[in-house]
Amino acid sequence: MLVEGPVWMERLANLYRDVDRRDSHMKLLRRMHGVVAGYVTGQLAVSAIDGLFAGIAVFLISLIFPAIPVSFALLAIATCFTLSLIPMFGATVAAVIVTLLLGFNSIPAATAFAVYFLIYQQIENNLIAPTIQARQIELSPLAILVAVTTGLYVFGIAGGIISIPIAGCIKVLVEEYLKQLVHTRLLRNEREFFLCE
């Protein structure tokens, strides 16, 4: 969708006969496309941070517990980065995999990583992800938390995954509607002013 979106928009633009309406709608679609692209970029940033910190945690654990090879840190980075690209539950799946792999070599090391993950997950869910997504989508962290909570409550995991880009697109639509409303009222006031004179 992100790669082919501009091509679809151009095809849609060719269907319009009214040039002003086409330009207005295309501008709106470009803004909505930017919201979705910003969400994907933000998710990549969150995943990179998750993978980096998981790798650092496993590296430090390998220094404390000699049974853990240092190379596990690279495995943790790759696993956590890749799986945390899946919003909502991907990071948890990655943490379970890394914890199990560590557990095969050292139970205390696996426990240490599980404790790290529980702490990190709270920081990511309440601070890192909302802040990054708020900058990418231009929504407040509170709006993002409300959107995700509502999406999860109403539509489950699928709702949680798509709730942030939908909230961003709704914001774009509301802003455009309010802008058009103000513009229409200004025109109406100008007409009334000239009629009164």
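Colleague: Is Asn125 buried, partly exposed or exposed in this one?

Modeller: In this predicted model, Asn125 has a relative accessibility of 36%, so Asn125 counts as partly exposed, the range for that class lying between the 20% and 50% cut-offs.

Colleague: Okay, and which helix is Asn125 in?

Modeller: Asn125 has its place in helix 5, which covers residues 107-137.

Colleague: What does Asn125 touch, if we leave aside its neighbours within four places in sequence?

Modeller: With those neighbours set aside, Asn125 is in contact with Pro130 and Leu145. As for Val46, which is 79 residues away from Asn125 along the chain, the C-alpha atoms of the two are separated by 10.0 Å.

Colleague: How do helix 2 and helix 5 sit relative to each other?

Modeller: Their axes come within 10 Å and cross at roughly 155°, and because an angle over 145 degrees counts as roughly antiparallel, helix 2 and helix 5 are roughly antiparallel to each other. The crossing of these two helices is right-handed, and by class their contact has 19 nonpolar, six polar and two charged residues.

Colleague: Now helix 1 and helix 2: at what angle do they pack?

Modeller: Helix 1, residues 5-13, and helix 2, residues 19-64, pack at an angle of about 165°, and their axes are 11 Å apart. That angle makes helix 1 roughly antiparallel to helix 2, and the crossing of the pair is right-handed.

Colleague: Which residues make that contact?

Modeller: From helix 1 the contact is made by Gly5, Pro6, Met9, Leu12 and Ala13, while helix 2 brings Arg22, Met26, Leu29, Arg30 and His33. Sorted by class, the residues of this contact are six nonpolar, two polar and two charged.

Colleague: Changing topic, how many disulfides are there?

Modeller: A search of the whole structure finds zero disulfides. To be clear about the term, a disulfide is a covalent bond between the sulfur atoms of two cysteines.

Colleague: And the cysteines Cys80 and Cys169, buried or exposed?

Modeller: Cys80 is buried, with a relative accessible area of 3%, and Cys169 is also buried, with a relative accessible area of 14%.

Colleague: Last one, where does Ser163 lie, and why does Ser163 count as buried or exposed?

Modeller: Ser163 lies in helix 6, which runs over residues 141-196. Ser163 counts as buried because its relative accessibility is 7%, and buried means under 20%. Leaving aside its neighbours within four places in sequence, Ser163 is in contact with Ala147, Val148 and Gly151.

Definitions and conventions. Residues numbered from 1 in each chain as written. Predicted model: local features only at pLDDT ≥ 70, side-chain atom pairs only at ≥ 80, totals over all residues. Heavy atoms only, no water. Axes fitted to C-alpha atoms, helices over the stretch in contact; angles between N-to-C directions. Helix = DSSP H or I, 4+ residues; strand = E, 2+ residues; numbered from the N terminus. Parallel < 35°, antiparallel > 145°, perpendicular 65-115°, else oblique. Left-handed = near helix turned anticlockwise from the far one by under 90°. Contact = heavy atoms within 4.5 Å. Nonpolar A, V, L, I, M, F, W, Y, C, P; charged D, E, K, R; others polar. Disulfide = S-S within 2.5 Å. Buried < 20%, exposed > 50% of the residue type's maximum accessible area, 1.4 Å probe, protein only.
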